[in-house]
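Here is a short briefing on one protein chain. Keep the sequence and the 3D view open while reading.

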Amino acid sequence: MSASTSSGTTEALGPDEGPGGGPRGWAGAELLAALLDGMDAAFCAFDAKGTITHWNREAVRILGWSAEEAVGRAGFAGWAVRRADAGEVQARLMAVMDGAGRRVHEFALLRKDGGRVLVRTQAAGVRGADGGPAGVYCAFTEVHAQIGLERSVALSEALFEDAYWGVVIVDADLRPAVVNAYAARALGVGRTTMLGRPLGELVVQGVEDLEGALQHVLAEGAPVAPAEQWVTLRTAEGKRRRCWRSGFVRLASPLAEEPVPLGVGWLFRDVTAERLAAAEADRTRFRSNQLHRAARAASECEDPMEAATSYLDFALAGFADHVLVDLAAGERLVRAAATPSGGPGPCLPVSGGGVPLRYAAGHPALRAVDRAGSVRASAGSGEEAWAAERQWPDDAVHALCAVLRSRGRTLGVVTFLRAAHRTAFERSDEVYAESVAVRVAAAVDLQQALSAAGAVPEGGGGPTGGRRSGRGTPS
């Protein structure tokens with residue numbers, strides 16, 4: 001407000017002098033002028049006769065008419081509104097004087113330069129000291145600015161209610177301040193449960209990377225591209241491993257003179273299913289390729305037992321650390337081939353074999369023979385002698401025994417072993433091991449048939465050197 005024609009404004013706000021007769025400083029018209037000029041919206045007021053009494057700086061900016069030109073005019077007719085529309089506009093504005101509450105209207109007003117601007121107004125009546133209608137005040141903004149604000153608010157509401165990705169507002173202390181429904185489901189908690197709590201209470205593994213990303217955004221700004229992070233969550237059902245594809249934006253106050261970070265907007269999608277499916281597809285493709293390469297290498301082996309170990313060499317790549325082949329000899333099993341127990345190496349026939357293995361009852365290899373199927377086993381916590389008790393290499397903590405069957409007969413067992421740095425065998429690993437066992441069993445069956453007929457190649461014939469050097473290290 002730069003001007004006013006209302007002589008009673010000061011009295012309405014309170015006298016300029018205090019009880020002792022001294023000045024009250026900002027009380028009165030000066031304080032009202034400062035408040036109105038500081039508004040983000042344009043403001044004007046009319047007395048009961050429709051004469052403009054107040055006109056602030058934002059009204060000047062939008063329409064170009066100065067306060068001196070606006071205050072004292074009778075309505076908008078002929079200068080801020082086309083004459084044809086002036087009567088309707090004035091009637092709608094002044095109609096709120098006798099009603100209660102605010103009314104919202106949209107009008108096309110005229111700028112001083114002759115241009116038109118569509119504004120949205122909120123008007124309400126003003127009551128005098130006697131309680132009767134004394135005038136109308138009207139706040140207005142350009143419609144496109146108002147629509148932009150409403151869109152921002154609507155977007156925020158939609159993100160926190162209906163979005164199909166997680167949205168978490170994290171404060172400067174890296175604690176969640178707002179959580180939407182998707183994020184709450186992904187984290188396995190209620191929307192208000194994690195507010196103000198450290199992320200480490202929910203994220204068991206991966207919280208350091210997540211908090212590091214949030215701190216980077218607070219200090220440097222958002223990264224140029226989304227990032228994927230694997231985390232382990234602590235939920236009521238136990239620990240869950242999840243993959244989140246996350247994006248971050250730094251939030252700063254639009255009201256501060258200098259950018260002051262309010263926190264970080266963290267948007268993420270749970271892509272665990274997609275990543276697991278992609279990993280499984282890659283693993284299946286690799287294993288299929290290994291079987292194909294193994295079949296080509298085995299086809300060049302004159303000695304069937306060499307073909308069997310060739311299959312196992314290719315199968316070990318990315319799958320297990322050790323492999324053992326135990327063949328049936330009556331009621332007992334005899335070690336026929338194995339990889340070195342002290343480190344990586346090819347699967348080779350055991351020299352001086354033929355001594356039955358002293359497997360205890362319940363041994364996974366014996367169970368596989370009894371059920372004519374695969375058996376998985378893993379060492380429990382505190383079982384340091386687990387591998388030694390089963391006559392396996394000392395570093396083995398996970399085992400998968402697949403039975404060797406050919407022509408309806410059980411020929412033995414192939415055992416794949418993993419060290420502690422690998423995960424336990426899963427169902428998909430079992431299927432792969434059985435595919436390898438079928439090929440190994442066929443080669444072993446052929447070797448036994450040739451041996452029974454006295455037709456085993458002398459010296460293990462076949463291009464052994466060519467197979468080893470031509471294949472290289474499985475990868």
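Which residue in β11 is the bridge partner of Phe248? It is Trp266. The model is predicted. The chain holds 14 helices and 17 strands. Of its 475 residues, 42% are buried. Among contacts between residues at least 6 apart in sequence, 53% join residues at least 24 apart.

**The six-stranded sheet**

- Strand β10 (residues 238–252) and strand β11 (residues 261–270) run antiparallel and are joined by 9 bridges.
- An open sheet of 6 strands has the order β7-β6-β11-β10-β9-β8, with antiparallel pairing.
- Its edge strands are β7 (176–179) and β8 (203–205), and each pairs on one side only.
- From one strand to the next, the twist averages 45°.
- Thr193 sits in the loop between α7 (181–187) and β8.
- Thr193 has 40% relative accessibility, so it counts as partly exposed.
- The C-alpha atoms of Thr193 and Pro176 are 10.0 Å apart, with the two residues 17 apart along the chain.

**The five-stranded sheet**

- A further open sheet has 5 strands in the order β2-β1-β5-β4-β3, and its pairing is antiparallel.
- The edge strands here are β2 (52–55) and β3, each pairing on one side only.
- Neighbouring strands in this sheet are turned by 25° against each other on average, direction ignored.
- Strand β3 (residues 102–110) pairs with strand β4 (residues 116–127) in the antiparallel sense, over 9 bridges.
- Leu109 has Val117 in β4 as its bridge partner.
- β3 and β4 make a hairpin with 5 residues between them. Gly114, in the turn, has a positive phi of about 100°.
- Strand β1 (residues 42–47) and strand β5 (residues 133–142) pair antiparallel over 6 bridges.
- Asp47 has Gly135 in β5 as its bridge partner.

**Nonpolar cores**

- The largest nonpolar core has 36 residues. Leu312, Leu404, Val414 and Phe416 touch the most other members.
- Elements giving two or more residues to this core are α9 (272–298), α10 (304–316), β12 (322–329), β13 (332–338), β16 (396–406), β17 (409–419) and α13 (427–452).
- Apart from this core lies another, of 30 residues, which includes Cys44, Met94, Val119 and Ala123.
- What does Leu312 touch, leaving out residues up to four places away in sequence? Its contacts are Val323, Val325, Cys347, Val414, Phe416, Val436 and Val440.

**Strand β12 and its partners**

- β12 is mostly covered, with 6 of its 8 residues buried.
- β12 pairs with β17 in the antiparallel sense over 6 bridges. Leu324 stands opposite Thr415 in β17.
- β12 also runs antiparallel to β13, joined by 6 bridges. Leu327 stands opposite Val334 in β13.
- β12 and β13 form a hairpin with 2 residues between them. In the turn, Gly330 has a positive phi of about 70°.

**Helices α9 and α13**

- Two packed helices are described by the angle between their axes and the distance between the axes.
- The axes of α9 and α13 come within 12 Å and cross at roughly 10°.
- Angles under 35 degrees count as roughly parallel. α9 and α13 are therefore roughly parallel to each other.
- The α9 residues Glu280, Arg287, Gln290 and Leu291 meet Ser428, Asp429, Tyr432, Ser435, Val436 and Arg439 in α13.

**Helix α11**

- In helix α11 (residues 364–371), Pro364, Ala365 and Ala368 are buried.
- Why do they lie on the same side of α11? They cover an arc of only 105° around the axis, which puts them there.
- An α-helix has 3.6 residues a turn, so residues three or four places apart point the same way.
- The buried residues of α11 pack against β13, β15 (375–378), β16 and β17.

Conventions: Residues are numbered from 1 along each chain as its sequence is written. This is a predicted model: local features need pLDDT of at least 70, side-chain atom pairs count only at pLDDT 80 or more; totals for chains, interfaces and linings use all residues. Side-chain values use heavy atoms; hydrogens and water are left out. A nonpolar core is a set of buried Ala, Val, Leu, Ile, Met, Phe, Trp, Tyr and Cys residues joined through side-chain atoms within 4.5 Å. Buried means under 20% relative accessible area, exposed over 50%, partly exposed in between (1.4 Å probe, protein chains only). Helices (H or I, at least four residues) and strands (E, at least two) are DSSP runs, numbered from the N terminus. Contact means heavy atoms within 4.5 Å. Two strands pair if DSSP finds at least two bridges between them. The arc is that of the directions from the helix axis to the C-beta atoms. Axes are lines fitted to C-alpha atoms, for helices over the stretch in contact, and angles run from 0 to 180 degrees between N-to-C directions. Angles under 35 degrees count as roughly parallel, over 145 as roughly antiparallel, 65 to 115 as roughly perpendicular and the rest as oblique.
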